[in-house]
Structure formats: structure tokens, C-alpha cells
Amino acid sequence: MSLIAFHEAIPGYLEDRGDQLWLRIAVNGVQPETDYARIEPDNEEYLVAMSAEGHQGSWCFYTALIQKSQHIEQTEYLFKLVWPQASCWIGAAGVEPHMPRNIHMYRFSHDRRLPTWSGAQIFYQVFPERFAQGDTRLKPQQDEYRYLDRNDIVIKEWGDEPDWRSGGFEFFGGDLIGVYNRLGYLNDQLGVTALYLNPVFESQSSHKYDTVDYFNVDRHFGGNQALQQLIEGIHLRGMRIVLDAVINHTSLMHPWFQAALAGDERQRAKYVFGPNNVYSSWKDQDSLPTLDFANPDVVAEMITGSDSVIRHWLQPPYSIDGWRMDVIHMIGEGRGAKNNAQYLRTLRNVIKSENSEALLLGEHFFEASNWLQGDQEDCAMNYFGFGHPVRAFLAGLDIALHPIQLNAAQFARWLREARARVSFDHQLLQFNQLDSHDTPRFLSMLKGDRPLLEVAIGFLMTYIGTPCLYYGTEIGMIGDQDPGCRRCFPWDESQWDSELLDFCKRWIGYRKAFQALSAGALIDLYAEQDTMVFARVSEHQQCLIVFNRGAACDLVFDLNLPGSTAPWQKIEAHGDLTMAGSQCAVVVPDRSVQLWSRQL
């Protein structure tokens, strides 16, 4: 396909000028008679004529100043190109022959309290109970307590197989001292720059998603002192840390709920009770009673109070860098999620009042666009816009692990349409993962196909958004659904896939070395059958990525990007690019990802 026009909210193509935005668009080939920027500053259409601003090769540039919308949280706009016998529209989803839907308009968020640092990070997800053991004295002991007063806890040796029958109440002895002791591996050896930790607060389970005390780190993880030591070690290295908050529900054993069951009406009012002591719980799991945010006490304790859960850990001496909010879309009033947006706007304002650059990351297993319109979340766990399509394209599995078939064109369209529904700022922050504690490990979904896992990791490190590796992916850990995906990290290096680890290190290095990969726009160039080609473009740099899941092939595609005619430099590729005009020929090896770059 031939690129007709290019615009994205990168330097050189958009500037924030107070009440106005300066826009620039590059148009390729036969130039239109008139270019317009289309806006809706008062919900009515205005077409703003654009001015020609010079050319480079086959590209011409046009600019305009537009008024920001005052009645909504973001300014939405499109471009219209008009020739004597035709016209087309340019929106966030690409070129369209007719006016695009509103969801495909470009968007610029007015709330600039964004964690711009996040998009430049290499995140690593740690499941604390299974990552590393630092102090064997902290490990739970057999018969120490009964889980929910129902089951004896199960104590296992490091490296034993987890068992689904006791998954939530079996313990291997991982702790935060272990994480602290492995910062050298994570930061110096692997190249990780930020950690996302699954819940660490007091709980009777191994996963800690059933909180008993929000103000104390679980004693088996080392308590508050261990978390403080870990955070200080992270910040001394210039790294970041994001913690996991579970405020939609508590544990059955939380003091509030135990008091509610005992007849305390004030505590009972924090939950949703019906007749016969029946109460609302997360997905009908009776161990996870749902909090009712219609109760002002709940809102104050969790979010708005001077020492609320959310504020407490953002403040010294902890000063975490952000929150990952579990099931954020379910927070609300009563049995449903009534007024969810209202509480998330409050949550955002509280977090930003403590630290304007703190990260607000929401968990959504499905599309999260409605929460990413500038007034609620900074980013989401990008299952819908990254994890689901990558799994479908490379592993042939959908979110329910049912079979699915996608060719590269369908894969690229899914990605493009998901990107188009949120602003460029939010695209850069989207939290991209191949797998997590809630999914089978990606290598297992690939049935052990290591070369295809390398393709996936290369794609993770070059696609738009913030990359996050789940612990152990870099050494070839396998595992099916929970608890298989939550096995202990094997610190015996003889069990590691060293070639895969070296591959991860290299591609993490590329992500950090090339600013276009962390901050550049994404331009689709080719997508057919098994192969996709795209570019990442910033003001002073361009990267070219060729991504192939299938057999080796010789590929020819149109490569004519605005901004540079400089030669491409091979970073990791089978051979050089061969250019003939705007046509690019490249040899594509079997199951491969290749990278080139050039300066502007």
C-alpha cells in the first residue's frame, strides 16, 4: 500500500499553544486543491483551511491553527483533502473515502498530568510469592493458620509444581527481600527499568488479591520495612515501581467484613447485603465481598481521605510511582458498577494531587477505550489492543483459548482500530504484555515454539505502548492457566534458555537505544498473509520493523516516509534493504523480526 498522508501528535506535527493547537499534515503524491482541518469546538462542524508550508520529494506539508474544544476533556479533529474530482478523509484509523466515525477522530487530551516517563520504561511484572526467596524465616509454616478458616495452608519447596486444588493457599516462600536481592539481575543484566508488583498487602492467600489490611505489607513478604527497602533500592537505580491496588472488594477476613457479619451496622453499610445475609461479591466468589462506593466512608477510606489507601503509599517514605488498579471498571455503587466514571475521575484527581506524574493503570480484560478519554485512566492493561490480537495472530487462540485464525491484514486492522480510539499520548502509555499471572505463559500457548516467542518479544519491544515482560518469560518459563503460569522462578541458571535471554537483552537494548521505538508514531506499511511491516517515526529518527510468523519469503513493499531520504542502517536483520524508487525489497527469514533505523 502507498502512504497518502501522515499526521500524528509528535513534535513537528502538533504543538500545544494554550487555547489552540498547531497542526501539520504531510501529503504524498498528487496534491489536493484544498486541505482542511475539521473540528467541533461547540459540537458543530468547522472546516479550517490549511496553508501550504513547503515540500520534500513527493511530500508536501500543510499547517493550521485550530481552537481547542472547551466543553469536553479533549479536542477531536480530522483532515479532509479535496481534489477536483474526489476527496478523502484522514483520521486516526487511516484514510477513509467518507467522513470517519467519531471514534476514529484524532484526539488531544487537555489534562496534561501524564506520566510521560512510563512510555520510555521496560516494565517487568513480579508475582512476589514466586519470584525469589530472600529470607527463609519469612516463609509461612504448616498449620500456621487455616485459609479463610476453611482449608489448611499448603507449604511447598521452591520449584515444586503448583497444584490447582490448593492454588490460592499454597506457599513457596517468595518475598520482597528476594526481589530486592535480584535488582542487579533485573536492571544491570536484563535491562529492566520499572517493576509492577502483584499485591503485597496483608492477606491469607498467596496471590494477595483478597486484602485483609491495606496499610501493612504482608509479614511473609517482609512487612513494610522490606517494601521501603525495595523502593529505595529501585529509586537509587533510577528505576520505577508500580503497586497493585484491590479496592473493588476486600477479603472475607477483612475486619470490616468480619464486623459486618457480627452485626456492626456501620461496617455492614460498606458492603452490599441483601436478605438472609446474602452479600454481593466479585464474580460471585464469596471470599471477595464487594465494597459499596455509595457509602462516603468507603470513598474516604480508599480514595479521598487524608490518609486513604491510595494516598498513603504515594506519600513518603514509600513514594511509589503509580497504581495498577485491579478490576477498575467494576468499582461503583450497589451490585453493579453504577457511577464508575465518577469515582474514577475522583481517583485520578487524588492520585495526581499527590504526584502529577504518578501512573494510573487500569485492569481491563476487554476494550478500555471509554476509560482512556483523558479524564480517568492514563493507560490500561492492553489486552484488547495488544495481548488478544498478538495471541490470536501468533498462537491461534482467542482470550477464551478457543481457536481463531487471523491473517496479517486482519491482525493489522485490529491493532489499528484499537489505537485509533485513544489519543496518541495514551497509545504511548498503553501497558503491553504477552502474558501475565491471569493467562497461560506465551511459550506454552505457542506449544514451545521458541523462534515464534522471539518474534513476539521483538514485536513487544517495537510496537507502540509500554512493554512489560512477565517474570521468567526471558528465560523460557512455561505454564498453562493459573496456577501453572505462577511457577517459581528457577534461579539455577542451568535451567535457563540462555539464547532466549540474550535475545531479550538485545531487543530491550534496542527499545532503549532508539527513541522512535518509545515515543514515535506508528505507520502501517504492509500486511499480507504471515508478514507485517511498520515504521516508528519521531521528529529526528525512524525505525523500520519487518515481522513474520511464517515461512521465509522475498518481500517488496512501498517505503516512502516523510522527513528523510537518508539510507537505512541495519540493526538486526538478515540482509540489507534494496531500494528502487519508493519500492523496497527485503529477504524475510522464517519466523523472524528485523529492525533498521535512520536519522532525520
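Trainee: What makes the space of about 50 Å³ a cavity?

Mentor: In this predicted model, a 1.4 Å probe fits there but cannot get out, so the space counts as a cavity. The second largest cavity holds about 50 Å³. The search kept cavities of 30 Å³ or more and found two.

Trainee: Which residues line the second largest cavity?

Mentor: Among them are E8, Y77, M105, R107, F424 and Q427. β11 (106-109) and α12 (424-429) each give two or more residues to this lining. The lining divides into eight nonpolar, two polar and two charged residues.

Trainee: What is the volume of the largest cavity, and which residues are closest to its centre?

Mentor: The volume is about 180 Å³. Closest to the centre are N382, G385, A418, R419 and Q430, out of 21 lining residues.

Trainee: Why are β26 and β30 called edge strands?

Mentor: The open sheet runs β26-β27-β28-β33-β30, with antiparallel pairing. β26 (521-528) and β30 (569-572) each have a single partner strand, so one side of each lacks a neighbour in the sheet.

Trainee: How do you know that β30 pairs with β33?

Mentor: Pairing takes at least two bridges. Three bridges join β30 to β33 (592-599), so the two strands pair. In one of these bridges, E572 has L595 in β33 as its partner.

Trainee: What makes α7 and α9 a contact?

Mentor: Contact means heavy atoms within 4.5 Å. V299, I303 and T304 in α7 meet Y343, T346, L347 and V350 in α9. These residues divide into five nonpolar, two polar and no charged. The helix axes come within 10 Å and cross at roughly 35 degrees.

Key. Residues are numbered from 1 along each chain as its sequence is written. This is a predicted model: local features need pLDDT of at least 70, side-chain atom pairs count only at pLDDT 80 or more; totals for chains, interfaces and linings use all residues. Side-chain values use heavy atoms; hydrogens and water are left out. Axes are lines fitted to C-alpha atoms, for helices over the stretch in contact, and angles run from 0 to 180 degrees between N-to-C directions. Helices (H or I, at least four residues) and strands (E, at least two) are DSSP runs, numbered from the N terminus. Ala, Val, Leu, Ile, Met, Phe, Trp, Tyr, Cys and Pro count as nonpolar, Asp, Glu, Lys and Arg as charged, and the others, Gly among them, as polar. On a 1 Å grid over the protein atoms alone, a cavity is a set of points where a 1.4 Å probe fits but cannot get out, and a pocket is an open set with protein on both sides within 12 Å along at least five of seven lines; lining residues have an atom within 4 Å of a point. Grid points are joined across faces, edges and corners, and a volume is the space filled by probe spheres set on the points.
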